[in-house]
Amino acid sequence: MSSTKLLRKYIDIINEALDPVGREDADVNNDGKVNSQDKYLKHRRDVVSKQVNEVVNRETKAEAGYTAYSPRPERCSGCAHYSAPVTCEIVEGIISPDGWCGHYTEKLSEKWGTKTEVNPRERGKYEGKTKAELLKSYNALKKSGPHHKGTPEYGRMRELAFAIRAKGNWGKVE
């Protein structure tokens with residue numbers, strides 16, 4: 001069999017096994033059954049696609065007005081978009097902690113055992129809520145505990161405590 005015919009045969013096998021674009025089904029790995037492996041592969045593809053889109057949609061350093069060194073106190077290391085050691089959510093490439101760009105947004109932080117950073121995209125999350133409503137949510141979450149460090153519930157309790165203290169002139173949460 002010639003190499004052209006052999007290649008054509010493999011291409012036909014691959015095309016037969018794969019779902020047509022836009023008409024994919026739940027059997028992601030095309031093994032004839034839907035199981036946890038397909039769920040894992042779909043999740044993994046979604047995660048990778050999201051990461052690729054984030055990188056593709058970043059601005060160049062020139063577009064952002066990035067400089068590798070800033071004489072002013074506002075620097076990339078203090079920006080909410082900066083990810084140590086050398087990346088940024090908005091600007092592509094290697095970013096110096098001593099740099100600066102036009103997207104500088106100061107991190108909001110508070111000490112609570114360890115450093116708590118408030119994501120700027122979540123500002124106003126508790127706006128319009130009263131201190132009493134926040135305390136009710138906090139106490140309900142506390143009763144469902146104990147919640148250990150690293151769990152979503154623990155993170156939510158920290159957020160609520162932060163919001164309660166902010167609404168109560170930074171007093172202690174009761």
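Begin with the lining of the largest cavity: select Tyr66, Arg75, Cys76, Cys79, His81, Tyr82, Cys88, Val91, Ile95, Cys101 and Tyr104. A cavity here is a set of points, on a 1 Å grid over the protein atoms alone, where a 1.4 Å probe fits but cannot get out, and lining residues have an atom within 4 Å of a point. The space inside the largest cavity is about 80 Å³, and the structure holds 1 cavity of 30 Å³ or more. Grid points are joined across faces, edges and corners, and the volume is the space filled by probe spheres set on the points.

The model is a predicted one, in which local features need pLDDT of at least 70 and side-chain atom pairs count only at pLDDT 80 or more, while totals for chains, interfaces and linings use all residues. Residues are numbered from 1 along each chain as its sequence is written, and side-chain values use heavy atoms, with hydrogens and water left out.

**His81**

Keep His81 from the lining set and display its surroundings. His81 sits in the loop between H3 and E1; helices (H or I, at least four residues) and strands (E, at least two) are DSSP runs, numbered from the N terminus. His81 counts as buried because its relative accessibility is 15%; buried means under 20% relative accessible area, exposed over 50%, and partly exposed in between (1.4 Å probe, protein chains only). Not counting residues up to four places away in sequence, His81 touches Thr87, Cys88, Glu89, Ile90, His103 and Thr105, where contact means heavy atoms within 4.5 Å.

**Lys61 and helix H3**

Next, select Lys61, in helix H3. With a relative accessible area of 32%, Lys61 is partly exposed. Beyond its neighbours within four places in sequence, Lys61 is in contact with Tyr66, Val91, Glu92, Gly93, Ile94 and Ile95. A C-alpha to C-alpha line drawn from Lys61 to Ile95 spans 9.0 Å, the two being 34 residues apart in sequence.

Move to Gly65, in the loop between helix H3 (61-64) and strand E1 (82-83). Gly65 counts as partly exposed because its relative accessibility is 37%. Its contacts, leaving aside neighbours within four places in sequence, are Trp100, Cys101 and Gly102.

Then centre the view on Trp100. Arg72 lies over the face of this ring, at 3.9 Å from the ring centre; for such a placement, NZ of Lys or CZ of Arg must be within 6 Å of the ring centre and within 35 degrees of the ring normal.

**Pro85**

Select Ala84 and Pro85 together. The peptide bond from Ala84 to Pro85 is cis, with omega near 5°. Most peptide bonds are trans. Pro85 is placed in the loop between E1 and strand E2 (87-88).

**Leu160 and helix H5**

Go on to Leu160, in helix H5 (residues 152-167). Leu160 counts as buried because its relative accessibility is 1%. Apart from residues up to four places away in sequence, Leu160 touches Tyr126, Leu134, Ser137, Tyr138 and Leu141. The C-alpha atoms of Leu160 and Leu134 are 6.5 Å apart in space, and the two residues are 26 apart in sequence.

**Gly128**

Select Gly128, in the loop between strand E4 (114-118) and helix H4 (131-143). Gly128 is exposed, with a relative accessible area of 72%. Its contacts, not counting residues up to four places away in sequence, are Glu133 and Lys167.

**The whole protein**

Finally, zoom out and colour by secondary structure. There are 5 helices and 4 strands, and along the sequence they follow the pattern α-α-α-β-β-β-β-α-α. Of the 174 residues, 19% count as buried. Among contacts between residues at least 6 apart in sequence, 54% join residues at least 24 apart. The protein exposes about 12900 Å², of which carbon and sulfur atoms supply 55%; accessible areas come from the Shrake-Rupley method with a 1.4 Å probe, and for residues only the protein chains shown count as cover.

Notes
1 Å grid on protein atoms, 1.4 Å probe; cavity = no way out; pocket = protein on both sides within 12 Å on 5 of 7 lines; lining within 4 Å.
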